[in-house]
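Please view the structure before reading on.

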Amino acid sequence: MRKLWIALTFAVFALLLGAPLVRIAMGAWEEGWDGFAHGLTRPEALHALGLTGTIVVVVTAVNALFGVALSLYLVRAAWLGPRWRNLLNSIVDLPFAVSPVIGGLMIILLLGPETVVGGMLGSLGIQVVYALPGMIIATLFVTFPLIVREVMPVLQEIGSQQEEAAATLGARGWTIFRRVTWPSIRWSVVYGIVLTVARSLGEFGAVLVVSGNIMFRTQTATTLVYQDVENFNLTAANAVALVLAAGSAAILLIMEWAKARAAHH
Amino acid sequence: MHVEVRGLDKKFGSFHAVKDVSFSIAAGRLIGLLGPSGGGKTSILRMLAGLEAPDAGDIVFHGKRVNDLPPQERGIGFVFQNYALFKHMTVADNIAFGLEVKKWSKSQIKDRVAELVELTGLSGFEKRLPHQLSGGQRQRVAFARALAPQPQLLLLDEPFAAIDAKIRHELRTWLREMIDRLGITSIFVTHDQDEAIEVADEIMIINQGRLEQKGSPWDIYQNPQTPFVAEFIGESTIVEQVSQLRGFEAAEAWPGTKGLIRPEYVEIGPPGEFRLLSATESGRVGRLHFRGSEWLVEVEVGGVRLATYRSLEKEVLKPGDEVRVLVHRAYLFNDNDSWIMENKLKEDSLYVQI
Amino acid sequence: MSSTLQSRWWGWGFRSAVMLYFMFLIVLPILGIYGQSFSSGMRVFYENVTEPLAWRAVTLTVKLALIATAVNVLIGSMAGWVLVRYRFPGRRLLNSMVDLPFALPTAVAGLMILLLLGPHSPVGQWAQRLGVSILFHQPAIVIAMVFVTFPFVIRGVQPLLEEMDRSEEEAAYTMGATRARTFFRVLLPNMLPGVISGAMLAFSRALAEFGAVVLVAGNIPGRTMIASVYIFGEIESDNVIGATAVSVILLTFSFLVLWLVNYLQARRKGG
């Protein structure tokens, strides 16, 4: 009986996860090494990959900083009443429930060229929608909960006593954070960062809507794949997709490693 | 450091944790805050430390009002119930923490840490991490860490609650000696009577946010000032009609007054054991419980069931035995007043003796 | 009073910056879309929502998301069980692979499924021979949804199975219960909260999925166009009001599910 379940599980994994991965790897080489190389090194692909990279770096850095800070406030701050904290707590999870397309739509509604804020920024020469800033904001929105949700439970679990002890010994805010709090949350933050990198790398729907998918200007790796598929240029799409998949697999390995370290803390 | 507290008050939401508490502690004394769980003792301690802010009242250290000072600046050492050791630092680093914050020089820190490690009997464990230590060892690290920056006031929150019974006893003695040697003003919170009595110079009984009584252990035992204190300390029986007992007939004069009788107030035994036989009355032995160092004897007397201790040295009693019972005194209390009433027959008998 | 946050470093300015970031990034956009959808009045809103294609898109999405969730409950519970309870070579590998859909871009997932089920692939040809249409039809949508939400039920079930006390099982055996009965009466109830919360998260995600589905669905209005693709289409056609109206429906539905998950989890912890 046992063997049956194990075999079935292997079958599920092979069919659902394994087969697609293999297929992508094979598909990229359908037109041989040249096809793959061309799909990957054509100018629009390089630009798109570069843009994706930029977004990943910016979004991860910003959300790491604000995410950790917000987690501290939501768990430790006494100046926030408990009702406020519960409310904010529930709000943190909202981006998970929002479809990426809707996420992009919200950015357009708030910061599009016809809106108040969008217009203001536009006259200052800063374009938000259909440009990089909008794409970054959309990705910030979508990845926002990831780090917060990793850090908050850990902060709650370790309790504030060590921090109080440090205070009675004369340490102040930054010292307490650096020497007492951070060592405890370090790996959870790393895990959260890895999740954020993976998500911002792969973000598609929100970015597609906000960017307008303008080649060489606002096209990311994922929206390039979409464009290729729409144009029936499957081999090229495959090449870029394979790079993304390989990146994701690498991230996945790092993810599992960081998760294990975080659980050990 | 002399500590004074005036009119301390604290609410958590609708829960009134501390109600108008005032007390004064002389420098160098070791004070125990004793009382049932949830009574407010830890809240008082944390307010002294600056970890909570009082809603009203003043906290004065050595003549200076410290309400507005954060814990960092109050010159205190705090030992937490669950040690709160820095999990990622070695024993030595834990102890050194407060000194590094104060920016002592490396060599000064090294010397002081060595001194404390020696003092707390942790030699050889400096490089260990907290999870590699036993409960007793962790608690000693917590002490060492709190003492390192030479605080003026040492605060301990149920320091032995999480420790095995046998080690607890050793640690208590060790703590008492340590504090005597260092002469630091210390306040510790406990819900364990024996601990408070054994360790503290003075005890403050805290119940439901109020300070019931402050005094030496002996004082509190002998002269409980409120019914709660009388009942909380030691084991006792409440008697509705004290006048039923021989020698306490005068209690009739105060209707509605109940009596509280401690085991120590009651003496029982066969007639031959008593000098003042005329003051005794007849009683019947109920159940007996062996308590390791003595017997706990239940005795039915004057329509009331009392409990008392009986030494192992004396003749062993059996359930159903008829014995003589002498109730030396009773603690009487009603809504307005409370006092100790001696057995009248003891006084009269004395006259007869002469 | 938290001592970590008392010093000047964490002063008033930084504190405000963090809260403002939170407000502007999360709260404002969500309020904005609700506000915008009603800004042209209730009637316009109603018209846009009850437009047949919009409504078909929403019901189709819900139906397919339910099917995908059901599939995931079955295979996810089984996989979670196998991964926790049994030891076998390759277990660690499989366990790591579970998170693959979290790590992979959805568009890449869509492409993978497209290639795997396409007319030139073995599966596609086999399906054609049998007269069964998968790609560009509803089955493909379900497959895409299952792929993307695969980890949720597994990761929901695993912690519960791991922390479960073996002694409950052993007690059942000592009282004469068979393995089957023990499973249904002792183990399954313990797993159930994890299955349910995982299923609800999976459902919520499946409702919202865009990237993987848009490449494999065919997106024929009324037949294989799910809500998120419909919204996308409306945005491309500049019908912002139509897009916001349907968005609000989808959002509200997702929020309700999310709220329900939180509520159930809180109840489980509290009770």
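Two residues are in contact if their C-beta atoms, placed from the backbone, lie within 7 Å. In this predicted model, the contact between chain C and chain A takes 65 residues from chain C and 72 residues from chain A. On the side of chain C that touches chain A, helix α1 (residues 12-39) of chain C gives the largest share, twelve residues. The classes of residue on that side are set out below.

| Class, side of chain C that touches chain A | Residues |
|---|---|
| Nonpolar | 48 residues |
| Polar | 16 residues |
| Charged | one residue |

The largest nonpolar core has 165 residues, and Leu111(C), Ile113(C) and Ala144(C) have the most contacts inside it. Helix α8 (residues 138-163) of chain C supplies the largest share of this core, 15 residues. At least three residues of the core come from each of domain 1 (11-40) and domain 2 (43-270) of chain C. Apart from this core lies another, of 102 residues, which includes Ala165(A), Leu8(B), Val141(B) and Leu326(B).

Leu111(C) touches several residues of chain A, among them Ile24(A), Val225(A) and Ala241(A), and also Leu215(C).

In chain B, helix α2 (residues 91-101) is largely enclosed by the rest of the structure, because eight of its eleven residues are buried. Among these buried residues are Val91(B), Asn94(B), Phe97(B) and Leu99(B). Their cover includes α9 (161-168) of chain A, together with α3 (106-119) and α4 (135-147) of chain B. Just after α2(B), Lys103(B) takes a positive phi of about 65°.

Key:
Residues are numbered from 1 along each chain as its sequence is written. Chains are lettered from A and ligands numbered from 1 in the order in which they are written. This is a predicted model: local features need pLDDT of at least 70, side-chain atom pairs count only at pLDDT 80 or more; totals for chains, interfaces and linings use all residues. A nonpolar core is a set of buried Ala, Val, Leu, Ile, Met, Phe, Trp, Tyr and Cys residues joined through C-beta atoms within 7 Å. A residue is buried if 20 or more other C-beta atoms lie within 10 Å of its own, exposed if 12 or fewer, and partly exposed in between; C-beta atoms are placed from the backbone. Helices (H or I, at least four residues) and strands (E, at least two) are DSSP runs, numbered from the N terminus. Domain bounds come from an automatic or database domain assignment. Ala, Val, Leu, Ile, Met, Phe, Trp, Tyr, Cys and Pro count as nonpolar, Asp, Glu, Lys and Arg as charged, and the others, Gly among them, as polar. Lists of a residue's contacts leave out its neighbours within four places in sequence.
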